[in-house]
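Here are some notes to read alongside the model. Have the sequence and the 3D view open as you go.

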Amino acid sequence: MTEVTGPIRTERLVLRPFTLDDAADTLAFESREDVVRYVPYGVRDAEENARQVARRAEQTSLRERDDALVLAVDLDGTVIGYVLLILRDAEHRLGEIGWILHPDHTGRGYATEAARALLRIAFEEADLHRVFARCDARNTASPPVMTRLGMRREAVFVEAVPFKGEWTTELRYAILAREWRAAAEGPAVRAD
Ligand SMILES: CC(C)(COP(=O)(O)OP(=O)(O)OC[C@H]1O[C@@H](n2cnc3c(N)ncnc32)[C@H](O)[C@@H]1OP(=O)(O)O)[C@@H](O)C(=O)NCCC(=O)NCCS
């Protein structure tokens, strides 16, 4: 089992489990149509948001299929988004990763920084073999994050997914544990 109980520090952020106190910060972005346009739920009101924050506060471990590890992205004490890792197949050690940021905090590399820390957990702690990410083909903000993480574009499923009342085209990206390790080690240094 993989579990996150305490904060994980990155260069500029803290990733940590949600607490009930995070509802107001979270509502600030989950209530926005532009934020949830390409995620699998609609805008949230205060009541639904509080329920989901309470649920996320318990999503701190990966044990069996479809368990989600959800971490708040905390910038100087404010939750500006979250990242999540879902165990899609325990036997095949397959995970799925995703991210959401408040638009006030995009364009600074925070999603990539947070997702990179989550990929480290995926490969080094959860011992996954492969992690994929997917997005609506119209979501132009997400593929660059995947590319920055070293993920490879593997598939375009044309009008394959019924999503918010229409058939949508889905892009899939993935990275393997050995690719992650090779990138983490960096290019070989010549001795001469
Ligand atoms: C998808 C989403 C997380 C992308 O956020 P983002 O801030 O663009 O992504 P990153 O954290 O990788 O930031 C990259 C940007 O920061 C810039 N940047 C600035 N400083 C940087 C740094 N130190 N490191 C990396 N990038 C940096 C990059 O140049 C890039 O800017 P650009 O978009 O103008 O090219 C965000 O748009 C979002 O939450 N969307 C709504 C929810 C959603 O759709 N989620 C995904 C569902 S599939």
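Predicted model: local features only at pLDDT ≥ 70, side-chain atom pairs only at ≥ 80, totals over all residues.

1. UniProt, in an unreviewed entry, puts the feature "domain: N-acetyltransferase" at residues 13-178. In the model that span is 30% helix and 38% strand, and its end C-alpha atoms lie 26 Å apart.

2. Next, the largest pocket. Its volume is about 1300 Å³, and 49 residues line it. If you want to find the middle of the pocket on screen, look for Tyr38, Val39, Pro40, Trp99 and Ile100, which lie nearest its centre.

3. What is that lining made of? The residues split into 23 nonpolar, 12 polar and 14 charged. Strand E7, residues 94-101, gives the largest share of the lining, with 6 residues.

4. Helix H4 is worth a look of its own. It covers residues 110-125, 16 residues in total, and runs 22 Å from its first C-alpha to its last, close to the 22 Å expected at 1.5 Å a residue. Because 12 of those 16 residues are buried, H4 is largely enclosed by the rest of the structure. Among the buried ones are Tyr110, Glu113, Leu118, Leu119, Ile121 and Phe123. After H4 comes aspartate 127, with a positive phi near 55°.

5. Is aspartate 22 buried or exposed? Aspartate 22 is buried, with a relative accessible area of 4%, and it sits in the loop between strand E3 (14-16) and helix H1 (23-30). Its side chain has partners there: a polar contact with the side chain of arginine 16 at 2.9 Å, and a reach to the backbone nitrogen of threonine 19 at 2.8 Å.

6. Asparagine 49 belongs to helix H3, residues 46-57, and is buried at a relative accessible area of 1%. The C-alpha atoms of asparagine 49 and phenylalanine 29 are separated by 10 Å, with the two residues 20 apart along the chain. Leucine 75 is in strand E5, residues 68-75. At 13% relative accessibility leucine 75 counts as buried, because the cut-off is under 20%. Leucine 75 and arginine 12 are 63 residues apart along the chain, yet 7.2 Å separates their C-alpha atoms.

7. Now the loop between strand E4 (61-62) and E5, where you'll find arginine 65. Arginine 65 is exposed, with a relative accessible area of 53%. Its C-alpha is separated by 5.4 Å from that of arginine 88, a residue 23 places away along the chain. Aspartate 66 is found in the loop between E4 and E5 too, and counts as partly exposed at 44% relative accessibility. Check the backbone of aspartate 66 as well: its phi is near 70°, a positive value in a residue other than glycine.

8. Last, arginine 93. Where does arginine 93 sit? Its place is in the loop between strand E6 (78-89) and E7. Arginine 93 is partly exposed, with a relative accessible area of 35%.

Key
Residues numbered from 1 in each chain as written. Heavy atoms only, no water. UniProt positions renumbered as here; feature names shortened; annotations may be inferred. Helix = DSSP H or I, 4+ residues; strand = E, 2+ residues; numbered from the N terminus. 1 Å grid on protein atoms, 1.4 Å probe; cavity = no way out; pocket = protein on both sides within 12 Å on 5 of 7 lines; lining within 4 Å. Points joined across faces, edges and corners; volume = space filled by probe spheres on them. Nonpolar A, V, L, I, M, F, W, Y, C, P; charged D, E, K, R; others polar. Expected span 1.5 Å × (residues − 1). Buried < 20%, exposed > 50% of the residue type's maximum accessible area, 1.4 Å probe, protein only. Polar contact = N/O pair within 3.5 Å; in protein donor to acceptor, adjacent residues only side chain to side chain.
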